Amino acid sequence: HTTLFYAGANGKVNDRGVCIVPSPKYGNAPVLDLDSEDMRCRNDDFSTDNIEKCPVAAGTNLTVVWRHIHNSVKLKVMSSSHNGPCIIMMAPLESNGKGDAWFKIYEEGYDASIKKWCTNKVIDDDGYLDVRIPENIPSGNYLVRTELFALPQPGTGLNSQHYPNCVVISVTGGKGTELPKLYSIPGIYKFGDPGVIGPILTYMAPLASNGEGNVWFKIYEDGYDGDNDVWAVDKIVKAKGYWDVTIPSDLAPGDYLLRGEVIALHEADRIYGTDDSAGAQYYPGCARIHVTGTGTAQPTGVAIPGAYKKDDPGIHYNLWDGLKTYTIPGPPVYVPGSGGGNVTNIVATNSSVINAATPTISSTIGSSQSSSCLSKHGKKKKI
């Protein structure tokens with residue numbers, strides 16, 4: 001968590017809170033709802049009448065400083081696990097930030113040359129960031145919206161964390177007469193905007209096993225298309241969360257767990273355990289299905305946890321190095337007709353019915369008591 005404490009010009013800041021729109025409802029907590037009016041300034045209803053205006057000449061820097069909490073010793077700015085961009089926007093003060101009023105003046109994301117996000121740089125710089133106010137805007141009074149965008153648990157808009165604050169400034173010496181194209185906040189971000197990047201995998205196991213032991217066999221995987229620069233997750237986002245998985249046509253009838261999994265790689269350049277704030281993130285979920293048909297195959301399985309190693313090339317992977325290849329972790333996909341050993345006896349219970357002769361299932365992930373199917377905050381310690 002973090003919030004804006006100080007603002008000023010050209011490296012010199014005022015006392016705490018001067019020129020800054022207060023956010024008493026949130027404190028240092030993030031905004032999670034992309035459609036909330038709080039996305040503007042972490043405050044949905046405020047007046048700037050009694051807020052001092054920081055003078056900043058056009059073409060010079062606005063200086064802002066973030067802090068976790070007042071006099072924090074262990075965590076001065078924000079958690080180092082909060083990786084993401086810095087985004088700065090402006091709006092004419094008379095708009096109070098409502099409607100199509102905002103234009104972007106600064107953005108910084110991931111710097112591959114030093115392997116750091118903008119939020120990492122802000123932490124390294126003791127919470128400070130200098131932002132140049134454009135020369136070609138009209139002089140006048142403005143809201144400046146500062147935002148640190150954290151991606152610790154991405155995947156949907158509700159999992160991204162937004163830390164907006166607003167500063168009231170008076171711009172002098174502006175050489176322009178018109179503003180650039182303006183946008184509305186909320187409205188600049190949408191649910192489903194890409195956040196997670198990584199592969200999608202699907203496993204099955206006999207229901208009677210409860211997912212324990214060497215029982216999981218892979219039936220589907222999709223990783224990275226380097227020719228078109230498309231990840232499997234990009235396809236799911238485009239399909240609004242839906243995907244089809246084919247059940248092997250020779251599979252023995254009975255009850256199974258079907259385990260869908262997304263692996264997020266945005267922090268996989270570091271190994272979990274070596275750096276407990278980073279590492280690949282796992283989003284598994286299980287559905288219970290009943291397979292019908294005349295097949296006899298009972299494929300050999302692997303154990304989960306145990307199918308992945310922390311230094312597997314598909315687990316320890318630097319997404320930001322411009323790589324065009326990716327090795328999907330885990331065992332190979334089971335191919336119908338390839339055989340396999342008997343992993344367990346199957347006990348029939350009531351489940352969703354899937355016919356292996358017409359075997360496509362549109363997956364909706366539910367829940368199971370099996371530890372192989374659960375994920376806490378998208379990250380499992382054992383792989």
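A residue counts as buried under 20% relative accessible area, as exposed over 50%, and as partly exposed in between, with a 1.4 Å probe and protein chains only. By this rule Cys166 is buried, with a relative accessible area of 0%. The model described here is predicted: local features need pLDDT of at least 70, side-chain atom pairs count only at pLDDT 80 or more, and totals for chains, interfaces and linings use all residues. Residues are numbered from 1 along each chain as its sequence is written, and side-chain values use heavy atoms, with hydrogens and water left out.

Disulfides come next. A disulfide is a pair of cysteine sulfur atoms within 2.5 Å. A search of the whole structure finds 3 disulfides. Helices (H or I, at least four residues) and strands (E, at least two) are DSSP runs, numbered from the N terminus.

The link of Cys41 and Cys166 is left-handed, with -75° about the S-S bond. Cys41 lies in the loop between β2 and β3 and Cys166 in strand β11 (residues 161-172), so the pair ties together parts that are 125 residues apart in sequence. Cys41 also counts as buried, at 0% relative accessibility.

Cys19 and Cys54 form another disulfide, with 2.1 Å between their sulfur atoms. The torsion about the S-S bond of Cys19 and Cys54 is about 100°, so this disulfide is right-handed. The pair links distant parts of the chain. Cys19 is in the loop between β2 and β3 (54-57), Cys54 is in strand β3, and the two are 35 residues apart. Both Cys19 and Cys54 are buried.

A disulfide also joins Cys86 to Cys118, at 2.0 Å from S to S. With -105° about the S-S bond, the link of Cys86 and Cys118 is left-handed. Cys86 lies in strand β5 (residues 86-92) and Cys118 in helix α1 (residues 118-124), so the pair ties together parts that are 32 residues apart in sequence. Cys86 and Cys118 are both buried.

Two strands pair if DSSP finds at least two bridges between them. An open sheet of 5 strands has the order β3-β11-β10-β5-β6, and its pairing is mixed. β3 and β6 stand at the edges, each with a single partner strand, so one side of each is left without a neighbour in the sheet. From one strand to the next, the twist averages 35°. Here axes are lines fitted to C-alpha atoms, for helices over the stretch in contact, and angles run from 0 to 180 degrees between N-to-C directions. Within this sheet, β10 and β11 pair in the antiparallel sense over 11 bridges. Arg145 stands opposite Cys166 in β11.

Another open sheet is formed by 4 strands in the order β2-β1-β4-β9, with antiparallel pairing. Its edges are β2 (12-13) and β9 (128-132), each with a single partner strand, so one side of each is left without a neighbour in the sheet. Strand β1 (residues 3-9) and strand β4 (residues 61-67) pair over 6 bridges in the antiparallel sense. Ala7 stands opposite Val64 in β4.

Aromatic contacts were also examined. A pair of aromatic rings is described by the distance of the centres and the angle of the planes. Rings of Phe, Tyr and Trp (its six-membered ring) pair if their centres lie within 6.5 Å; planes under 30 degrees apart count as stacked, over 60 as edge-to-face and the rest as tilted. By this rule the count comes to 10 aromatic pairs. Phe103 and Tyr142 form one that is edge-to-face, at 6.5 Å centre to centre and 85° between the planes. This pair links distant parts of the chain, with Phe103 in strand β6 (residues 103-108) and Tyr142 in strand β10 (residues 140-150), 39 residues apart. Phe103 and Tyr142 are both buried.

The rings of Phe217 and Tyr334 have their centres 6.3 Å apart and their planes at 75°, so this pair is edge-to-face. Phe217 is in strand β13 (residues 217-222) and Tyr334 in the loop between β18 (281-292) and β19 (352-355), 117 residues apart. Phe217 is buried, with a relative accessible area of 3%. Tyr334 counts as buried at 10% relative accessibility. Tyr224, Trp231, Tyr317 and Tyr326 form one aromatic cluster.
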